[in-house]
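User: I'm new to reading protein models and would like to go through one step by step. Could we look at it together?

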Amino acid sequence: MPLNRTLSMSSLPGLEDWEDEFDLENTVLFEVAWEVANKVGGIYTVLQTKAKVTGDEWGDNYYLVGPYTEQGVRTQVELLEAPTPALKKTLDSMNSKGCKFLAQSEEKPHVVAHFHEWLAGVGLCLCRARRLPVATIFTTHATLLGRYLCAGAVDFYNNLENFNVDKEAGERQIYHRYCMERAAAHCAHVFTTVSQITAIEAQHLLKRKPDIVTPNGLNVKKFSAMHEFQNLHAQSKARIQEFVRGHFYGHLDFNLDKTLYFFIAGRYEFSNKGADVFLEALARLNYLLRVNGSEQTVVAFFIMPARTNNFNVETLKGQAVRKQLWDTANTVKEKFGRKLYESLLVGSLPDMNKMLDKEDFTMMKRAIFATQRQSFPPVCTHNMLDDSSDPILTTIRRIGLFNSSADRVKVIFHPEFLSSTSPLLPVDYEEFVRGCHLGVFPSYYEPWGYTPAECTVMGIPSISTNLSGFGCFMEEHIADPSAYGIYILDRRFRSLDDSCSQLTSFLYSFCQQSRRQRIIQRNRTERLSDLLDWKYLGRVGPPHPPPAQGYRYPRPASVPPSPSLSRHSSPHQSEDEEDPRNGPLEEDSERYDEDEEAAKDRRNIRAPEWPRRASCTSSTSGSKRNSVDTATSSSLSTPSEPLSPTSSLGEERN
């Protein structure tokens, strides 16, 4: 049966007996997605991290529905018997006849079904076509056509109103999928998306304005003391330093104590993820550091999976050489210690000329000789299948960042996801992020952006853009994001070259910070984690209406001062601190107390107090709220009006 506009959007066929308020205990919520216990992309993280919060809210009336995969069943699913007769009847019916949405039960509970992305949207369309008494929600995390258009290097945001969507989808051979996505958006009673920028995109490409914006969150692990996560940073950084020692053997002519680790990670979408802008900014940063005689060195990691056939032999050799040096040093140390012990045992000071013999010197000379090499340290850690046409490697050849001794910026391209079992860099992604100093994500197309969000909850500063959902969300909630370690790059109102210059300025300013200033900034960044916690984001909206202000982070009371006037936040400093006795105090610097600063922030950003209610309203649309560019608004808001292509977005993207 064809669905007319009024039937598909505003009516609730079969739900006429629903009252304005209904009991949650007699309501069942189904959440349907292709990535339930099936890791493909970011939606898996969304569902996995918010499952506990949603389960606490809905109890046994919450069900996740996804594809059956042997891997998912073995590692992520616990097989249980159906807890209710209605569910057992449904599962029996599915097993015998194929997939049916819900079998009728004697209880006749209210049913709410939440579908994610076009793959699950087919079930939503069938629910409406068969007039099932089910309230439906559809969430798009990124439009299908938008991702394809941006991958084609079009001037996307300046032409949103001008695209012939049917023609563009047909030319890219995705018309059937696009139609399913658009039908699901129009058939749903409530249409949502994850950010304001994606809401504007969905309105133009799917031809329906989302009713509400629901940002993505994370499960946040809070530490009892501030120095705990700083210590984790120091431990993880030490693991990265070990890899760097091996990778740059023979060319380790820079001070690791004055080395910063930047990184970009995600799907290998060279332009969409901003790898092109990042590389150009690194070339400019390298020039600035060299001409200004900076002692700071930057190692930039690119963690993006690409087609490879094995590890690079030279990279593996570097780690083997490092291990050999370590073993040699330990052997000599043990012999030295044994002779020292025997000398002291008889009550005499050791003769230093006899502590090491010729064999020891020969062993050390061989180890030193093994570290000599004529070639530069490799840029890529693996053998690429498309080395000559790979976008990152091609750009590196153009800008000339070959890891030479004169370069103050070194580049390492790791075209595989990180794993703690890797023989090359044996750390998992979370540990790697904790050990870095800055995450750089200058994306052109990023509907939300879990990578900078993960940096934030781990206390690592990051660079995002005002074309990413995360960047817009942070600009809405923080008066001065950069003071909290959240740098927002303008890719919306600036040309590509101007955006690259701004990114270079961010990177160079970060390199000029003292170690103490970076520690203070990490403390501030970590305090933003409450803003991204599902305990907050998962409970916004009925039955927990948000307060008028929500979270609103003010500017910090003080700027990060010089290290000489700062009090240590940790008994185990995460980085070697400058000694105040080594130089004069800065007269214009104010005294900084980390505990006092944290207390001020806690008073200003305390979590909203949620009213306790036992019922849920059946309203299917969000109320009108301020947009991201206006005054304060809660994170649950209706999307702002679409911006004019000629006035809202910057110059043409090349």
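User: Which residue forms a salt bridge with Asp 386?

Analyst: Let's begin with what counts: a salt bridge is a side-chain nitrogen of Lys or Arg within 4 Å of a carboxyl oxygen of Asp or Glu. For Asp 386 the closest N and O atoms are 3.3 Å apart, and the partner is Arg 307.

User: How many residues apart are Asp 386 and Arg 307?

Analyst: Asp 386 sits in the loop between strand 11 (382-384) and helix 14 (391-399). Arg 307 is in the loop between strand 9 and strand 10 (308-311). Helices (H or I, at least four residues) and strands (E, at least two) are DSSP runs numbered from the N terminus. The pair therefore links distant parts of the chain, and the gap is 79 residues.

User: Which pLDDT do local features need in this predicted model?

Analyst: Residues are numbered from 1 along each chain as its sequence is written, and side-chain values use heavy atoms, leaving out hydrogens and water. This is a predicted model in which totals for chains, interfaces and linings use all residues, side-chain atom pairs count only at pLDDT 80 or more, and local features need a pLDDT of at least 70.

User: Is Arg 307 buried or exposed?

Analyst: Buried means under 20% relative accessible area, exposed over 50%, and partly exposed in between (1.4 Å probe, protein chains only). Asp 386, at 35%, is partly exposed. Arg 307 has 56% relative accessibility, so it counts as exposed.

User: How many residues apart in sequence are Arg 147 and Glu 269?

Analyst: The side chains of Arg 147 and Glu 269 meet in a salt bridge of 3.6 Å, N to O. Arg 147 belongs to helix 6 (residues 144-151), while Glu 269 is in the loop between strand 8 (259-265) and helix 11 (275-291). The pair therefore ties together parts whose separation in sequence is 122 residues.

User: Where does Lys 258 lie?

Analyst: Lys 258 and Glu 295 meet through their side chains in a salt bridge of 2.5 Å, N to O. The two are 37 residues apart, with Glu 295 in the loop between helix 11 and strand 9 (297-303) and Lys 258 in the loop between helix 10 (226-247) and strand 8.

User: What relative accessible area does Lys 258 have?

Analyst: Glu 295 is exposed, with a relative accessible area of 54%. Lys 258 is partly exposed, and its value is 30%.

User: How many salt bridges does the count come to?

Analyst: Some charged residues are joined in a network of salt bridges: Glu 280, Arg 284, Arg 398 and Asp 497. With the 4 Å rule, the count of salt bridges is 25.

User: What angle lies between the planes of Phe 156 and Tyr 445?

Analyst: Rings of Phe, Tyr and Trp (its six-membered ring) pair if their centres lie within 6.5 Å; planes under 30 degrees apart are stacked, over 60 edge-to-face, and the rest tilted. The whole structure holds 20 aromatic pairs. Phe 156 and Tyr 445 form an edge-to-face pair, 6.0 Å centre to centre, and the angle between their planes is 85°.

User: How many residues apart in sequence are the parts that Phe 156 and Tyr 445 tie together?

Analyst: Phe 156 is in the loop between helix 6 and helix 7 (165-171), and Tyr 445 is in the loop between strand 13 (438-440) and helix 16 (450-457). The parts they tie together are therefore separated by 289 residues.

User: What relative accessible area does Tyr 445 have?

Analyst: Phe 156 is buried, at 0% relative accessibility. Tyr 445 is also buried, with a value of 1%.

User: Which residue forms a tilted aromatic pair with Tyr 487?

Analyst: The ring centres in this pair are 5.4 Å apart, with 45° between the planes, and Tyr 487 is paired with Phe 506. Tyr 487 lies in strand 15 (residues 486-489) and its partner lies in helix 18 (residues 496-512), 19 residues apart. Both residues are buried, Tyr 487 and Phe 506.

User: Is Asn 403 buried or exposed?

Analyst: Asn 403 has a positive phi of about 65° although it is not a glycine. Its place is in the loop between helix 14 and strand 12 (409-414). With a relative accessible area of 1%, Asn 403 is buried.
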